[in-house]
Amino acid sequence: MNVAARLLGFAAALAAVFALALVVGERADLGKSEASDQAPAGHGGSESSGGSHAATKGAEPDPVRGLGISENGLSLVLGRVTATPGKRFELRFTIRDATGETVRDFDVEHTKRMHLIIARRDLTGFQHLHPTQADDGTWSVPVKLADPGNYRVFADFSTSETARTLGADLTVDGEVETRPLPAPADSVTVDGLKVALASGAPKAGSEAELDLKVTRDGKPVKVEPYLGARGHLVALREGDLAFLHVHPDEDRLSFMAEFPSAGRYRLFLQFKTDGRIHTAAFTQKVTP
Ligand SMILES: [Cu+2]
């Protein structure tokens, strides 16, 4: 790859990061300062790229992530591409560079050097795992996929200070029962907690604020830090599972996200209360 192409690729990756970098409206006065452990490259410097994606509305959307098994010279290689329903197995994978060498050096992002997200093609069966790395660079993590179907495996990581998401398919054998995407809802109940989502009406290509509130019996619940942030939000686009990963960087569950196109997305919010991690899933409609 020549230098210009490399730079272009780098710029595109940065733009993607900036597009998803979140901005928080206000700082809650909890006197907490946890920001130190989460300083991913890209958060904060969004001014410089602001104009470019605003101008591309209606044209080519911002680069989306997670659609390719190989991008910008890096490839995701799964150790296996099939599995048996309900049977735990060790999922091994490597990230290879353009010469086929296994990449070993990864940046720490949100306290981990590798985030693995798995979801079935119908946007059910979401999992967020943290594999361990062997000396030769191979990542592995025990996985159990209950239901047959086609799954997307996303390796979400940063190397050389550039965030990447690569995606590969994995099939769980058996008769598939796909489920329709649930209708958009203002709130969902998970583990006895009510999670309310106020999103306004997000438009494709514009920044939208996703404001989430957690209550139990009508009372606000304190959300604990989890992986260096208040919460983690993954959004997957219906139809192709394009991947957006956003985090709040302050003390409330408010996210700025830019959805690349109109359609429906499934949002998976992960947060921690009383030492337990909860996942609340929402369907989000995005208008043209
Ligand atoms: Cu993670």
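**Confidence, rings and metal**

Modeller: The mean pLDDT of the chain is 82, with 77% of its residues at 70 or more. This is a predicted model, in which local features need pLDDT of at least 70, side-chain atom pairs count only at pLDDT 80 or more, and totals for chains, interfaces and linings use all residues. Residues are numbered from 1 along each chain as its sequence is written, and side-chain values use heavy atoms, leaving out hydrogens and water.

Colleague: What describes a pair of aromatic rings?

Modeller: The distance of the centres and the angle of the planes describe such a pair. Rings of Phe, Tyr and Trp (its six-membered ring) pair if their centres lie within 6.5 Å; planes under 30 degrees apart are stacked, over 60 edge-to-face, and the rest tilted. By this rule there are 5 aromatic pairs. Phe106 and Trp139 are edge-to-face because their centres are 5.4 Å apart and their planes at 70°. Both Phe106 and Trp139 are buried (under 20% relative accessible area, with exposed over 50% and partly exposed in between; 1.4 Å probe, protein chains only). Ring pairs join Phe106, Trp139 and Phe157 into a cluster.

Colleague: Which residues coordinate the copper ion?

Modeller: His115 (ND1), His128 (NE2) and His130 (NE2) coordinate the copper ion at 1.8 to 2.0 Å. His115 and His128 are buried.

Note on methods
pLDDT is the predictor's confidence in each residue, from 0 to 100. Donors are N, O and S atoms within 2.8 Å of the metal (3.2 Å for Na, K and Ca); water is not among the atoms, so sites may look incomplete.
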